[in-house]
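Here is a quick walk through some strands, sheets and helices, written for someone who would rather look at the model than read a table. Keep the viewer open while you read.

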Amino acid sequence: MFNLNAQKLYNTIPKTVLENLGEEGVDYLEDAINQTNDSQMSPEELKEITQELLLDAGINKETLNDVIELFFNFSLSTSDFTQVDHSKINPQNTAYIPIDQPKKKASPLNSTTTEEFEDKPLDYLQEATKTDNKLVSIAPQASSVVIAAPKISAFSQSSRFHTETLQTLSNEVNLKDVNLIVNDIPLLEDTLLQLKEGFHYGFIGKNGTGKTTLLSCVANKTLLGFPENIRVQLIEQLEVLDSKQTVLEAVLNSDEHHTKIKNFIKGFESALELKGDLVPFIDEFLTQEAQEKILQAQKLANFRTGKRGLNARKAALEKELYELKLVRKKYYTKGASHEEVALKILEKMYKELHKCGFDDAEARALEILYELGFNKEMQTQSTSSFSGGWRMRVALAKALYIQPDILLLDEPTNHLDMHSIIWLTEYLKSLVGITLVVVSHDRKFLNDIAQEIILLKDKKLSYHSGNYDAYEKNSEDLKKKKIRQYENIERKKKHINESIQKGLQQAKASGDDKKLGMVASRQKKLERMGAEKTEDGKRWKVSYYAGFHIDGRIQVELEKEEKEVVLKLPEPEELRHQGSLLRLTDIAFKYTKDSPIVLQNISIDVEKGTRVAFLGPNGCGKSTLINVMKKNLVPTGGKVEYHSRLKIGHFDQHFIDMYSQLNISSLQYINDLFKNEAINVLNSSEKKFKNEQEIRAYLGSFGLSGSLATQQISTLSGGQKARFALAMLFLDSPQLLLLDEITNHLDMRTITGLIAALKEFKGGIVMASHDQHFVSSIAKTYYVIKNKTINLWEKDLDSYVKSISKKISI
């Protein structure tokens with residue numbers, strides 16, 4: 001028997017926490033204390049329940065530790081919680097510091113030599129002094145702020161007809177009233193999520209509207225109401241397979257459930273063989289089994305409402321209270337020893353592995369890898385040894401090994417070359433029976449793989465048959481149709497209004513009541529006016545308009561005209577004399593004296609108005625050649641000539657990752673740059689911006705207006721960081737642009753705006769990009785990099801793509 005006093009516990013708990021607990025929480029806690037006093041529950045179990053309840057009620061962990069110590073006369077272990085000295089936290093420079101994480105200090109951007117250009121800081125952070133071929137960096141120190149993980153809430157319509165396990169008989173998804181809320185900001189409101197089995201969807205919408213967050217919630221099954229039986233796998237845009245694992249190991253370890261069971265079995269068998277302590281392994285397994293059942297009960301409690309919800313919450317509380325005891329009782333029957341329980345658990349685990357098809361797991365993984373083009377030698381190589389295109393194949397192999405019903409891909413073409421994108425397109429088109437949802441900014445890629453387009457706009461999801469081009473055409477046709485309907489209705493309304501006014505005047509003049517009757521009749525007709533046909537062309541019926549409405553008929557509403565993305569690029573500074581901006585003559589390059597030649601016999605002349613695109617697979621030297629042009633790399637042979645007053649704007653595909661380290665705002669970043677004397681020397685003696693308002697106006701011209709200008713760069717979305725990179729690109733009004741994969745992270749509307757702006761740009765442009773639509777819209781001259789040199793491609797881009805497609809086999 002124990003003698004724990006509930007009142008003593010309440011006296012140590014802050015008043016606000018007690019209020020948050022409410023009557024139900026207090027009663028539940030008191031009941032648990034009484035059961036402990038009657039020896040029906042151990043103090044350790046009571047401690048765990050008390051801890052969870054108080055944390056949910058908002059107690060901080062430092063106070064919780066004091067409460068537990070006073071009440072139970074022992075402290076929680078330091079491994080459970082990291083103590084934080086709150087007095088040392090400066091609210092001025094700390095957005096939010098999670099209690100369970102120590103405050104980390106971000107490392108500053110590093111200096112680099114010309115041989116390490118991939119990780120080189122931004123052009124405007126460097127003083128172009130040439131000392132032993134090194135660039136001296138002037139890098140701002142990153143703030144020590146730790147950004148809090150966002151609070152995400154995702155749920156769908158709650159229905160009393162939902163089954164206990166939320167399972168469906170098919171692999172189709174049809175969730176009504178889906179809501180997605182991030183940090184109390186709604187991204188989706190009462191919308192329909194519908195995925196037909198085996199369909200291939202393109203998922204589009206502005207950057208920052210919640211596409212990636214929705215995919216994550218679906219993949220993690222954190223969207224309440226999503227069917228548990230549907231297997232979902234997500235390949236994320238920032239997923240980088242860079243490890244020492246072999247390709248085969250990476251695929252086999254992708255099934256976390258199998259891997260966990262294998263590790264359990266290994267631990268059990270090792271302990272049995274060495275006659276070691278089995279209790280820790282048994283306790284871990286029993287706790288996990290109990291937690292899974294508790295989690296299922298909690299999901300049900302969260303989803304149900306009304307009386308059934310109340311009963312479900314009571315059942316969930318009982319599960320939390322008693323489930324571990326019940327599970328323990330199930331295995332320790334008739335005084336079973338630890339060895340006997342371990343053997344029971346091992347038997348269950350082996351059955352689970354067999355049921356999941358683990359017996360032929362390796363054979364299945366090898367078959368998938370072979371289909372994706374990996375020979376025996378490649379299967380045993382580490383994933384870090386492969387290029388971006390082959391890493392995408394590894395990611396696909398991992399996804400297909402899990403045998404998903406729904407495969408989600410978030411910007412899969414980022415960092416892939418044209419060759420890899422063409423292969424990926426053909427492979428995804430060949431998948432049968434798997435539902436595909438692809439977020440991509442690549443118009444050509446979406447046109448090739450999408451059967452239907454999902455649009456996220458105004459916190460709603462809408463569905464459009466056909467690929468992206470079909471969606472654009474149908475949207476434009478529907479818009480024109482609505483405008484015609486609206487104008488026709490407004491014209492009729494105007495005519496009726498005029499007749500009403502005329503009738504009123506006549507009635508007033510003559511005193512004829514019949515005229516007033518005619519006026520009333522026309523007034524009713526005016527109120528009943530609206531759409532005569534539905535959007536799909538059917539004749540409108542009153543039965544389509546159920547419920548209470550102010551108007552007697554559905555009204556034609558014109559959608560708000562979406563503002564086109566207009567990028568206002570600064571005019572390049574005029575050069576005093578005409579001629580070549582840049583000329584390379586017989587250039588050769590290698591990274592070190594002993595390394596192989598990367599480029600040789602390179603000769604190219606770039607003039608004002610030049611539009612050049614470099615074509616070739618990843619690793620052929622496109623980025624290296626651009627960095628030689630920018631002076632980031634010093635050629636080992638040949639001659640480079642620049643116009644005496646030439647300014648170069650360089651966009652590197654790695655800049656976005658570098659900006660992710662900066663915990664200051666874009667406004668502050670640019671302001672600090674122009675306060676630095678070395679930067680002023682590099683740009684010009686005259687300051688570009690006279691005050692903060694001019695910097696704001698400049699950032700606004702790239703879509704970073706209002707609060708975005710003062711938001712920390714590291715917290716911006718990928719597309720917003722790309723816009724900031726564009727702002728940095730034109731900061732010095734360059735006459736020559738060197739663009740390396742500039743469309744990564746940009747949405748299609750921004751790409752369209754960028755294409756329009758670059759077409760008007762009066763300087764020269766040299767680019768390397770995997771986006772076929774972008775390249776064909778800008779470039780006039782193509783060079784193919786092959787066998788370490790460049791060759792002029794005299795045909796168009798479509799011809800080049802066709803030549804690649806012939807060589808690619810699926």
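## Ground rules

Two strands count as paired if DSSP finds at least two bridges between them. Strands (E, at least two residues) and helices (H or I, at least four) are DSSP runs, numbered from the N terminus.

This is a predicted model, where local features need pLDDT of at least 70 and side-chain atom pairs count only at pLDDT 80 or more, while totals for chains, interfaces and linings use all residues. Residues are numbered from 1 along each chain as its sequence is written, and side-chain values use heavy atoms, with hydrogens and water left out.

## The hairpin and its sheet

Start with strand 20 (residues 781-786) and strand 21 (residues 789-793), an antiparallel pair held by 5 bridges. Within that pair, V784 sits opposite N791 of strand 21. The two strands make a hairpin with 2 residues between them, and N787 in the turn has a positive phi of about 55°.

At the strand 17 end, strand 17 runs parallel to strand 18 (residues 736-740) over 4 bridges, with G649 partnered by L737 of strand 18. Contact, by the way, means heavy atoms within 4.5 Å.

## The 4-5-6 sheet

Another open sheet has 3 strands in the order 4-5-6, with antiparallel pairing. Strand 4 (152-155) and strand 6 (185-195) are the edge strands, each pairing on one side only.

## A strand on the inside

Is strand 9 buried or exposed? All 5 of the 5 residues of strand 9 (residues 406-410) are buried, so the strand is largely enclosed by the rest of the structure. Buried means under 20% relative accessible area, exposed means over 50%, and partly exposed lies in between (1.4 Å probe, protein chains only).

In a regular strand the side chains alternate between the two faces of the sheet. Here I406, L408 and D410 point one way, while L407 and L409 point the other way. Strand 9 has parallel neighbours: strand 8 (residues 232-235) through 4 bridges, and strand 10 (residues 435-439) through 5 bridges. L408 is opposite L234 and also opposite V437 of strand 10.

## Two helices side by side

Helix 16 (residues 468-510) and helix 17 (residues 513-527) have axes that come within 9 Å and cross at roughly 160°. They are therefore roughly antiparallel to each other (over 145 degrees; under 35 is roughly parallel, 65 to 115 roughly perpendicular and the rest oblique). Among the residues making the contact are I496, I500 and L504 of helix 16, and L516, V519 and L526 of helix 17. The contact residues divide into 8 nonpolar, 5 polar and 4 charged, where Ala, Val, Leu, Ile, Met, Phe, Trp, Tyr, Cys and Pro count as nonpolar, Asp, Glu, Lys and Arg as charged, and the others, Gly among them, as polar.

Terms used. Axes fitted to C-alpha atoms, helices over the stretch in contact; angles between N-to-C directions.
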